[in-house]
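Subject: Handing over the structure

Hello,

Here is the structure I promised to pass on. Please have a look at it, and then read on for what turned up.

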Amino acid sequence: MASKTTLNAKNLEALGAERLAQLLIEVSTGNAAAKRKLRLALAGAQSPKEAAREITKRLTSIARARSFITWKNRKALVTDLETQRRAIVEQIAPADPDEALALMWRFMALATPVFERCDDSSGTIIGIFHQACADLGQLAEKVRPDPQALAGAVLDALQDNGYGQYDGLIGIMAPALGDEGLAALKSMAEELGRSPVPVPPKDQWKAVGWGTGGTTYEHEMRARERTSTVVMALKDIADAQGDVDGFIAQYDPKTRKVPQIAAKIAQRLLAAGRAGEALGFLERAELGDGLRVPLAWQDIRLQTLEALGRGEEAQAFRWDCFERTLSDSYLRAYLKRLPDFDDIEAEERAMAHAMAYPSLLRALQFFLDWLALDRAADLLVARHDEIDGDHYEYLAPAAEALSERHPLAATLVLRAMIDFTLTRSRAKRYRYAAEHLASCARLAGDIPDFGAFETHDVYEARLRREHGRKQSFWSQIG
């Protein structure tokens, strides 16, 4: 049973309205965000119209602000934006969805002025605008505005998408746009594409960039931005309309040979029941040396081969994908389709291939993913001179996974990280290297025979001879 001093709604209600009001005034003193929340709550208590008026005032204030937002005050902005967004959805929308839709458009218009004066390296702020964009779609579907007017608003928004705040807007708005709105939007986008960006007199050209191709001028940049906006809009419209050929038409023949693009086209053709055409696009893709084939291309090719009833070819391709990537998912899919007992022989062949794979780290990760710890240990012992101690993000988890059953392999991994840290004098890693050395000491008791490798005492003695002057490291050794 909760204590009567626990902070929860029931206990606070017991204080009474007057005392709670006093406490809220005290808590909000000097706290602008808390005051805004309280004013918004008071406005909402009067009517949704008053709440809307309060939100409008705040959105105007945010739009007009010019001070740069640093990481120190970014949290306050995030709280403010989220408060306004939630108020539109939770306070205004239930009573007046038309007003809520208008307010959400105003909220989205804040993105450009906000991003112009802040650093959003964490992605928190763009996340709020992406959620607001989704809210916009839900409100539009509820309100069902005139399709022509909504199409115009969508196209206007896409031309102000410099920070990606409207990414996915056409798909989000498709239910509200309906067939009429999508057709209108397509017509508007095509008309925009045919409309040239005005070119000012040459003495008024503004340079905005320089490169190997020469100077880039403002009107040229705007023309490229418009072309990109139109092409992306027409792709999304085609997707919303289920128009595969319209989607393909947005790529020139050369671009269709890029593996990632070929995969996107094939995915849509396959969904439309046109597997033969899908395979044609995939096979015309230019894969270069074939060593770094995009996963999306591989996966859709497998799906396409299966759809065409070419199961044996699909199996051969799964094995090829495994051999090139050591992806455990391809191997599992391959083995699953083999007859009983054939899978055992194939798995052994796969283990042998992984043991000789050029990238030691990739092979190690495969064995760990496959839960083949014995193989991982054998790999590390056999190819210990290839262990790159700089890759602690792979090696530290590997050492932990191997320490119980394979202490020698775990020790070799830990030593590789220690050696790299001390040889390169990476002082920021000294604390971790000291911990690794302590782990080696603990593991030494579980290793009956070091074989061709140094015992722990010999290894530590060598470290002291070669790196004895690194006091900031040795001072951390217990």
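How many salt bridges does the structure hold? There are 26 of them, a salt bridge being a side-chain nitrogen of Lys or Arg within 4 Å of a carboxyl oxygen of Asp or Glu.

Before the details, a word on how to read them. This is a predicted model, in which local features need pLDDT of at least 70 and side-chain atom pairs count only at pLDDT 80 or more, while totals for chains, interfaces and linings use all residues. Residues are numbered from 1 along each chain as its sequence is written, and side-chain values use heavy atoms, with hydrogens and water left out.

Salt bridges

Let me start with Glu306 and Arg318, whose closest N and O atoms are 2.8 Å apart in a salt bridge. Glu306 belongs to helix α15 (residues 295-307) and Arg318 to helix α16 (residues 311-325), so this pair ties together parts that are twelve residues apart in sequence. Helices here are DSSP runs of H or I with at least four residues, strands are runs of E with at least two, and both are numbered from the N terminus. Glu306 is partly exposed, at 34% relative accessible area, whereas Arg318 is buried, at 4%. (Buried means under 20% relative accessible area, exposed over 50%, and partly exposed in between, with a 1.4 Å probe and protein chains only.)

Two other pairs sit within a single helix. In α4 (residues 48-64), Lys57 and Glu54 are three residues apart, which means about one helical turn between them. Their side chains meet in a salt bridge of 3.9 Å, N to O, and Lys57 is exposed, with a relative accessible area of 53%. In α17 (residues 328-336), Arg332 and Asp328 are four residues apart, again about one helical turn. The closest N and O atoms of their salt bridge are 3.4 Å apart, and Arg332 is partly exposed, at 40%. There is also a network: Glu283, Arg301, Arg310 and Glu313 are joined by salt bridges that share partners.

Which residues of helix α21 (residues 392-402) are buried? They are Leu395, Ala398, Ala399 and Leu402. These four lie on the same side of α21 because they cover an arc of only 100° around the axis, the arc being that of the directions from the helix axis to the C-beta atoms. The buried residues of α21 pack against α19 (360-369), α20 (373-382) and α22 (407-423).

Helix α22 also contains Thr411, which is buried at 1% relative accessibility. Apart from its neighbours within four places in sequence, Thr411 is in contact (heavy atoms within 4.5 Å) with Cys440, Leu443 and Ile447.

A hairpin

Strands β1 (residues 207-211) and β2 (residues 214-217) run antiparallel and are joined by four bridges; two strands pair if DSSP finds at least two bridges between them. One of the paired positions is Ala207, whose bridge partner in β2 is Tyr217.

Cysteines

A search of the whole structure for disulfides (pairs of cysteine sulfur atoms within 2.5 Å) finds zero. For Cys118, the nearest cysteine sulfur is that of Cys133, 18 Å away. Cys118 is buried, at 10% relative accessibility, and Cys321 is buried too, at 0%.
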